[in-house]
Amino acid sequence: MCTSIVEIVTVEGAARNGDSWFNPTHAVVTYDHPHVALLADGINIDFMRDGCDPSTRAAVELTLESAKALHAALARTIEEAEIQEAEARRPARIVKAA
């Protein structure tokens, strides 16, 4: 059964396909039948680039449990990165010697 659960998000960064890197423009996240993983349904993520052949993609097919663990790891990492970014933007305080 197809679930029709699809999310598309604009992304910036780099993705690897075989021996070459490309700059993805969007990621397609679905809960559906994977192409390779031996799962009835899974969380599938395809990083793609507008104007390129569909084979120019980086794909991941995960169990629901693995996707949840990845989601939690991303959330923790993002939270820590935001703290570090905020600290880096904070102006340095000048301490006067007594």
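This is a predicted model: local features need pLDDT of at least 70, side-chain atom pairs count only at pLDDT 80 or more; totals for chains, interfaces and linings use all residues.
Residues are numbered from 1 along each chain as its sequence is written, and side-chain values use heavy atoms, with hydrogens and water left out.

Four strands form an open sheet in the order β1-β4-β5-β6, with antiparallel pairing; β1 (5-10) and β6 (57-62) are the edge strands, each pairing on one side only. From one strand to the next the twist averages 15°, where axes are lines fitted to C-alpha atoms, for helices over the stretch in contact, and angles run from 0 to 180 degrees between N-to-C directions.

Going through the pairs, β1 and β4 are joined by six bridges, and here E7 stands opposite V29 in β4. Seven bridges connect β4 with β5, and six join β5 to β6, where I43 has L62 as its bridge partner. Helix α1 packs on the sheet, touching β5 and β6 (contact means heavy atoms within 4.5 Å), and the direction of α1 makes about 115° with that of β6.

The structure holds two salt bridges, each defined as a side-chain nitrogen of Lys or Arg within 4 Å of a carboxyl oxygen of Asp or Glu. In one of the two, the side chains of D46 and R57 meet at 2.2 Å, N to O, and this pair links D46 in strand β5 with R57 in strand β6, eleven residues apart.

Which residues line the largest pocket? A pocket here is an open set of points on a 1 Å grid over the protein atoms alone, where a 1.4 Å probe fits, with protein on both sides within 12 Å along at least five of seven lines, and lining residues have an atom within 4 Å of a point. The lining consists of V9, A27, V29, I43, I45, F47, L62, A67, L70, H71 and L74, with α1 supplying the largest share, four residues. By class, ten are nonpolar, one is polar and none is charged, with Ala, Val, Leu, Ile, Met, Phe, Trp, Tyr, Cys and Pro counted as nonpolar, Asp, Glu, Lys and Arg as charged, and the others, Gly among them, as polar.

Methods
Helices (H or I, at least four residues) and strands (E, at least two) are DSSP runs, numbered from the N terminus. Two strands pair if DSSP finds at least two bridges between them.
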